[in-house]
Amino acid sequence: MDRKIIVDSCCDVTPELREQLGILAVVPMTMTLGQQEYIDDDNLDLPDFMEKMMACKEKVGSAAPSPVAFMEAIESAVSSFVVTISSGLSATFENARLGKSLAEENGTTDTYIIDSKSASAGEVLVAIKLREFILKGLTKEQIISSIEGFIDNMKTYFVLERYENLIKNGRVSKVKGKIVQLMNVKLIMGSDGNGTIQVHAKPRGYDQMLDKLVSFVRKSSRPTTGERMVICHNNNLPLATQISNTIKKHFDFKEVLIIPMRGAISLYADNKGIVLAF
């Protein structure tokens, strides 16, 4: 059976990777800058959006795709897997489940909703592994067991250059955000294993940050030989490349993919933000 993959737009796939992975649909998030709304689809002018985001003094945020949007994507496939941003970060997972229920009422039933417990690079990595399992010809039950096991052990980390948007949304206090920036602290944050965010380290400067990332990969006990790491960046190819080169010196990943972010993740990672998963 030709099983299709559907993702939300927090999955930072390029058009080329989308085609390579056979992703049927990218269901878009809605983003807000003050009172202005933007749709995170292929028509989004990301440079213009980023310019307006950095100039915005009001609250910025995003909204999950509607259940109807997921229903329409699900109904376009005979059999599908839907990968969403962590249910601990967004209502997207629940809306996807509601979309599945709506599709079932119309006769579509062969769909499974996957909580990536991650975002950005993590979602991309889940989609890649999902495609591998599909191409192996595994049964639906085998695919579900394999991908859920992979997610349970996957690691996701991110490093920000700016904290303005997190401050605007109240996720980081204004005083704390300013102190972190003034002291050149490169907070390494990431998943706590259950899909919510925690601080993993507080290195100062890029060298310490790179050393910490290497130590996290080493201590994770995750296999690297024959596996992939995904690094997503928002307008920061030099740092993404530096991280990739450092990782390749220490580990034998099959591939380290560097991918530019879409709009929704750029909203939170902000300018120069980096997210990586393995």
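Analyst: Let's start with the second largest pocket, whose lining is made of V13, T14, P15, D40, D41, D42, L44, L46, P260, M261, R262 and G263. Keep in mind that this is a predicted model, where local features need pLDDT of at least 70, side-chain atom pairs count only at pLDDT 80 or more, and totals for chains, interfaces and linings use all residues. Numbering runs from 1 along each chain as its sequence is written, and side-chain values use heavy atoms, leaving out hydrogens and water.

A pocket here is an open set of points on a 1 Å grid where a 1.4 Å probe fits, with protein on both sides within 12 Å along at least five of seven lines, and a lining residue has an atom within 4 Å of a point. The second largest pocket holds about 230 Å³ of space. Its lining splits into 6 nonpolar, 2 polar and 4 charged residues (Asp, Glu, Lys and Arg are charged; Ala, Val, Leu, Ile, Met, Phe, Trp, Tyr, Cys and Pro are nonpolar; the others, Gly among them, are polar).

Now for P67, which sits in helix α3 (residues 67-75). Leaving out residues up to four places away in sequence, P67 touches N95, L98, G99 and L102 (a contact is heavy atoms within 4.5 Å). Between the C-alpha atoms of P67 and I114 there are 15 Å, with the two residues 47 apart along the chain.

Helix α3 packs on helix α4 (residues 92-105) at about 55 degrees, and their axes are 7 Å apart. That makes α3 and α4 oblique to each other (under 35 degrees is roughly parallel, over 145 roughly antiparallel, 65 to 115 roughly perpendicular, the rest oblique). The crossing of α3 past α4 is right-handed. On the α3 side, P67, V68, F70, M71, I74 and E75 make the contact, and on the α4 side T92, N95, A96, L98, G99, K100, L102 and A103 do. By class, that contact has 9 nonpolar, 3 polar and 2 charged residues.

Next up, α5 and α6. The axes of helix α5 (residues 121-135) and helix α6 (residues 140-153) come within 10 Å and cross at roughly 150 degrees, so α5 and α6 run roughly antiparallel. This crossing is right-handed. From α5, L125, V126, K129, L130, F133 and I134 meet I143, S146, I147, F150 and I151 of α6. The α5 and α6 contact residues come out as 9 nonpolar, 1 polar and 1 charged.

Last pair: helix α9 (residues 205-219) packs with helix α10 (residues 237-250) at about 45 degrees, axes 10 Å apart. Helices α9 and α10 are therefore oblique, and they cross in a right-handed way. Y206, M209, L210, L213, V214, V217 and R218 of α9 touch L239, Q242, I243, T246, I247 and H250 of α10. This contact of α9 with α10 counts 9 nonpolar, 3 polar and 1 charged residues.

Technical notes:
Grid points are joined across faces, edges and corners, and a volume is the space filled by probe spheres set on the points. Axes are lines fitted to C-alpha atoms, for helices over the stretch in contact, and angles run from 0 to 180 degrees between N-to-C directions. Helices (H or I, at least four residues) and strands (E, at least two) are DSSP runs, numbered from the N terminus. A crossing is left-handed if the near helix is turned anticlockwise from the far one by less than a right angle, and right-handed if clockwise.
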